[in-house]
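Welcome! Below is a short tour for someone meeting this structure for the first time, so please have a look around before reading on.

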Amino acid sequence: MSTISGTSHEIFKELNESQINAVTATEGYIRVIAGAGTGKTKTLTHRYAYLINELGISPSNILCITFTNKAANEMKRRIKTMLGEEFDTSFVATLHSFCTRVLREEITKLFYPDNFIVLDNIDQKKILEEVYDEMGIKMDTASFKFMIDQIRYYKNLLTYVEYLSNPNFDYTTLKTKTQSDEIIIRYIKKQRKYFGLDFFDLINFTIYLFNNYLDVLLKWQKKLCYIMVDEFQDITAKEFKMIRRLSEYNRNLFVVGDPDQNIYEWRGANMDVIVNFEKWLNNECFENQLELKAQDIILSRNYRSREPILLAANSLIEKNCNRVVKHLHTDVSGGDKVIYLHAKSDKDEIKYICSKIKAHVDSGGKYSDYAVLYRSGYVSRFVEQGFLGADIPYVVYGGVGFYERMEIKDVLSYMRLVDNIDDDLSFKRVINVPRRKIGKVKLKALTEYAEQNDLSLFRALSSLCDTALFKGSKAKDFVDAIERLRETAENLSVSELLQNILLETGYELYIRESGDIDRLDNITELLRSIVTQEIEFGENLTLSTFLQDITLFKDSDTEDKSDCVRIMTIHTSKGLEFDNVFLVGLTEGVFPSARSLEERQNDALEEERRLCFVAITRARKKLYLTESEGFGVKGFSKTPSRFLFDIDENLLEIVGVIPEEIKAEYIILSRMFDKTDTVVYSVGDQIRHKAFGEGIVEEVDEKTKTYYIRFVNGIKPISFSYKGLSHVF
DNA sequence: ATTTTCGAGATTTTT
DNA sequence: TCTCGAAAAT
């Protein structure tokens, strides 16, 4: 007994009063609003340890949900540090991997095989490409994004689960009004064929299962006595419903989040769930009306950032209208002012950054004290070039996830094909990599033959590879190689099998000849990680188990301790902190992004501002905001981001000379965006009103903040602050 | 007639 | 960096 209380005593020593309240409030519904840098993760991990040590709860009865892999890995790491390396953290997971786990156990009830494949973006795109091809439509990135959105909307209604899970479903009974509908139906049919589930399905199937199989629901409800959700501001309404249902039996749900850090609205996250938590708990959509009460705990003392950084962050986020007012504060005063660099060119911008880092390292500091953050991925190229030139070591975080890299997907597809020769999706991926002279035409003929004879593509090729059609191609070599590999597979470990695959299929040679050392390194890294897993799992690591959930993981091991500058998008930086942060590329159209400006929706702009807030609050000691003149992607000359003007000028130390004309624009912008009532339309603009329909702006009255807009039924005065207007193009 | 290669052009953010 | 379309190579 004394050991236990001794341990908990240790735990409490590191926490402040509100944190202790959060840790010990184990029963019932609890909402914690935790500002940036207030020890959110620390509180969560300590609470987890408290449940284990003090209440004696088993880890298999505690579900701890996050929304990104990085957050999940960080939680696991910290729990293992506290409770031991051997500790079982399999219920500390992203919502998607939790759902996958449930589905692996239960999905056969929906007549779907339990070895289903999880489809990532690339797989989805491949399927869509096939559909487009069949229908003779062309596909570009815009239409891909559009269709993915359409699919998401379509899948919002769970009825599709019924026919996707029914092997004998007659798709001709579905009405298709538009081309989009047709594409969606075909997409779903193909999913069924490949036994694939995309990220939407993981959530939707689980919900469907819980809704329709009450025994399954009860089993999981009983099992999960305590549920915790991190980054709760990023939850969608639908995901919330699932969590709420899961909590109905034990009624212990603990949620932590910060509305100011909601940066996933574009993905469907609804921050109203955290803002009006109690109301959502008792939403009329739930069959079980439980009259739930929620307890509130607020963490607002910041332990991360120096005062000037916090002041800048507060000053920026205040400009958002749609928020719960909350101020971050610290007891520690002092620290350097936030620096705003206005450079003459992007070269100067990166040069300045390099010189600061170099000076720091020369005086005995480390590269790893620095991070460079930016709005979108392509900016990394410009940072990387600068660092390469200046000999500064760096690591790019996130970017293309490890398991999304081409060479890794290729190798995994080979492994899948060896595991299951009927996996057509994998077959298509690797059949012509390396080149085997099997292109579009031969593949089409093969597909037709396969369909006629009800064979998988591999089996079809196996019987056709000696015919005239495949003469001159390496089809025979391919079939032989895969069959040899299948014969040996049983007696080999996964890592040995992978090495054989690389040799027999000629893939290793192909990569070597392409001369891309990085790609080869990535494959070596994959091999290394398999060997690590084999040591951990021993004989139990079969090919099938290895392949099952790999889609959901991203490289967590990039967190190496080597001394490098970290560069990443702001989205990936969420939840991390660094001594010194450069926030680069603060240019209108880049950040805030062109799209958020185009839409002229305040919501999108506010999300961008929250994103900027997240970036700023990553910094502990020193923050640099940088931006440069020159020409942007579309040839327009670049102007500084409005966010720079959102921050009180007195809080910034300006480096460089900002030209007068830009300053003038600056003042107009800051005045415009100082208040909710912003002018976003001008005379002649075509707009759409939520109630009145389409119209044309006749007059803009700055004084009364009113647009006069001509609609079908006459001219109406509409206030600037009205949110229901949008542009018509 | 097919497949491959090569150069031009475009990029939000994640599970 | 990655994707797509046109010309070159088989």
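## A strand with two partners

Let us begin with strand β10, which pairs with strand β12 (residues 565-569) in the parallel sense over four bridges. Within β12, Ile 567 is the bridge partner of Val 372. β10 also pairs with strand β13 (residues 578-583), again in the parallel sense and over four bridges, and there Asn 580 is the bridge partner of Tyr 370.

β10 spans residues 370-374, and five of its five residues are buried. Here buried means under 20% relative accessible area, exposed means over 50%, and partly exposed lies in between (1.4 Å probe, protein chains only). On one side of β10 sit Tyr 370, Val 372 and Tyr 374, and on the other Ala 371 and Leu 373, so both faces are covered, given that buried means under 20%.

## How to read the model

This is a predicted model, in which local features need pLDDT of at least 70 and side-chain atom pairs count only at pLDDT 80 or more, while totals for chains, interfaces and linings use all residues. Residues are numbered from 1 along each chain as its sequence is written, chains are lettered from A and ligands numbered from 1 in the order in which they are written, and side-chain values use heavy atoms, with hydrogens and water left out.

## Nonpolar cores

In soluble globular proteins, nonpolar side chains tend to be buried together. A nonpolar core is a set of buried Ala, Val, Leu, Ile, Met, Phe, Trp, Tyr and Cys residues joined through side-chain atoms within 4.5 Å. The largest one here has 69 residues, and Phe 98 and Phe 205 touch the most other members. Helix α10 (residues 199-212) gives the most to this core, with seven residues.

What does Phe 205 touch, leaving out residues up to four places away in sequence? Its contacts (heavy atoms within 4.5 Å) are Leu 103, Ile 107, Leu 110, Tyr 112, Tyr 160, Val 161, Leu 164 and Leu 197. Apart from this core lies another, of 48 residues, including Ile 408, Ile 421, Ala 460 and Leu 527.

## Around the DNA

There are 30 residues around DNA strand B, and Arg 375, Gly 377, Asn 432, Arg 435 and Arg 595 come nearest. A residue is near a molecule or strand if one of its heavy atoms lies within 4 Å of it. By class, this surface has seven nonpolar, 13 polar and ten charged residues. In that count, Ala, Val, Leu, Ile, Met, Phe, Trp, Tyr, Cys and Pro are nonpolar, Asp, Glu, Lys and Arg are charged, and the others, Gly among them, are polar. The largest share of the surface comes from α20, with three residues. Of the atoms of DNA strand B within 4 Å of the protein, 54% belong to sugar or phosphate and the rest to bases.

Some polar contacts can be picked out. The term covers a pair of N or O atoms within 3.5 Å; within protein, one must be able to donate a hydrogen and the other to accept it, and residues adjacent in sequence count only if both atoms are side-chain atoms. A polar side-chain atom of Asn 121 lies 3.0 Å from a base oxygen of DNA strand B. As for DNA strand C, Lys 138, Met 139 and Arg 519 surround it, and an N or O atom in the side chain of Arg 519 is 3.4 Å from one of its phosphate oxygens.

## Loops worth a visit

Elsewhere, Phe 111 has a phi near 55 degrees, a positive value in a residue other than glycine, and counts as exposed at 58% relative accessibility. Finally, the peptide bond from Val 433 to Pro 434 is cis, with omega near -5 degrees, and Pro 434 is found in the loop between α19 (424-430) and α20.

Methods. Helices (H or I, at least four residues) and strands (E, at least two) are DSSP runs, numbered from the N terminus. Two strands pair if DSSP finds at least two bridges between them.
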